[in-house]
Amino acid sequence: MKPHLLILLATLLALASTATGQESLNLRRCGYRQVPPEVWHTPGLKVLDLSKNDITALPDSIAVLPLTRLVLQRTYVTDFPATVKDSPLAATLQLLDMRGCRLTEGQQEAIRNLFPNTKILWDEPCECGAD
């Protein structure tokens, strides 16, 4: 089966399980380069796993999701859009998993400031781009 068809199949299966009342959407290892737009149309979504995808940035609309858990393990995400500050996501997020993301100490501090009441899992800061 072609890779793009596998990605489509994985997305459809994940969305179908969410549509039947499950609060979790597992899009791990689907080959995404950006958050798929279908995520915004999944009512009741509480847990979103985007780990091991090639995602480099999160869209502004991530802020409207009242997630309790967001898994971004081994993605290329290094920050969050400004819309997250004082958003539904900032108010409801209980666990943020960014293990395997290469983050500097400054990037970690900025994320921690956006989510002061959230448990955050990540590796030791890297010296990425340090002179």
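Predicted model: local features only at pLDDT ≥ 70, side-chain atom pairs only at ≥ 80, totals over all residues.
Me: Okay, and which residues in α3 are buried?
Reply: In α3, which spans residues 105-114, Q108, I111 and L114 are buried. They share one side of the helix, because they cover an arc of only 120° around the axis. That arc is taken from the directions from the helix axis to the C-beta atoms.

Me: What covers them?
Reply: The cover for the buried residues of α3 includes α2 (88-92), β4 (95-97) and β5 (119-121).

Me: Let me zoom out. How many helices and strands does the protein have?
Reply: It has 3 helices and 5 strands. Both are DSSP runs numbered from the N terminus: helices are H or I with at least four residues, strands are E with at least two. Reading from the N terminus, the order is α-β-β-β-α-β-α-β.

Me: How much of it counts as buried?
Reply: Of the 131 residues, 40% count as buried. The protein exposes about 7700 Å², and carbon and sulfur atoms supply 51% of that. Those areas come from the Shrake-Rupley method with a 1.4 Å probe, and for residues only the protein chains shown count as cover.

Me: What share of the contacts links residues 24 or more positions apart?
Reply: Such pairs make up 37% of the contacts with a separation of 6 or more. Contact here means heavy atoms within 4.5 Å.

Me: Switching topic: where does F115 lie?
Reply: F115 is in the loop between α3 and β5. Its relative accessible area is 1%, so F115 is buried.

Me: What does F115 touch?
Reply: Not counting residues up to four places away in sequence, F115 touches F80, V84, L89, A90, L93, L96 and I120. For L96, which is 19 residues away along the chain, the C-alpha atoms of the pair are 8.8 Å apart.

Me: How many salt bridges are there?
Reply: The count is 2, taking a salt bridge as a side-chain nitrogen of Lys or Arg within 4 Å of a carboxyl oxygen of Asp or Glu. One joins the side chains of D49 and R28, at 3.7 Å from N to O. Since D49 is in strand β2 and R28 is in the loop between β1 (24-26) and β2, this pair ties together parts 21 residues apart in sequence. Another links R99 with D97, whose closest N and O atoms are 2.6 Å apart.

Me: Is D49 buried or exposed?
Reply: D49 is buried, at 12% relative accessible area.

Me: What else does D49 meet?
Reply: Its side chain has a polar contact of 2.6 Å with the side chain of S51. A polar contact is a pair of N or O atoms within 3.5 Å; within protein, one must be able to donate a hydrogen and the other to accept it, and residues adjacent in sequence count only if both atoms are side-chain atoms. Beyond neighbours within four places in sequence, D49 is in contact with L25, N26, L27, R28 and V71.

Me: How many disulfides does the structure hold?
Reply: It holds 0 disulfides, meaning pairs of cysteine sulfur atoms within 2.5 Å. C30 is buried at 6% relative accessibility, and C101 is buried with a value of 6%.

Me: Which side chain has a polar atom 3.0 Å from the backbone nitrogen of C30?
Reply: That is the side chain of N53, which also reaches the backbone nitrogen of G31 at 2.8 Å. N53 lies in the loop between β2 and β3 (69-71) and is buried, at 1% relative accessibility. Leaving aside neighbours within four places in sequence, the contacts of N53 include R29, Y32, R74, T75 and Y76.

Note on methods: Residues numbered from 1 in each chain as written. Heavy atoms only, no water. Buried < 20%, exposed > 50% of the residue type's maximum accessible area, 1.4 Å probe, protein only.
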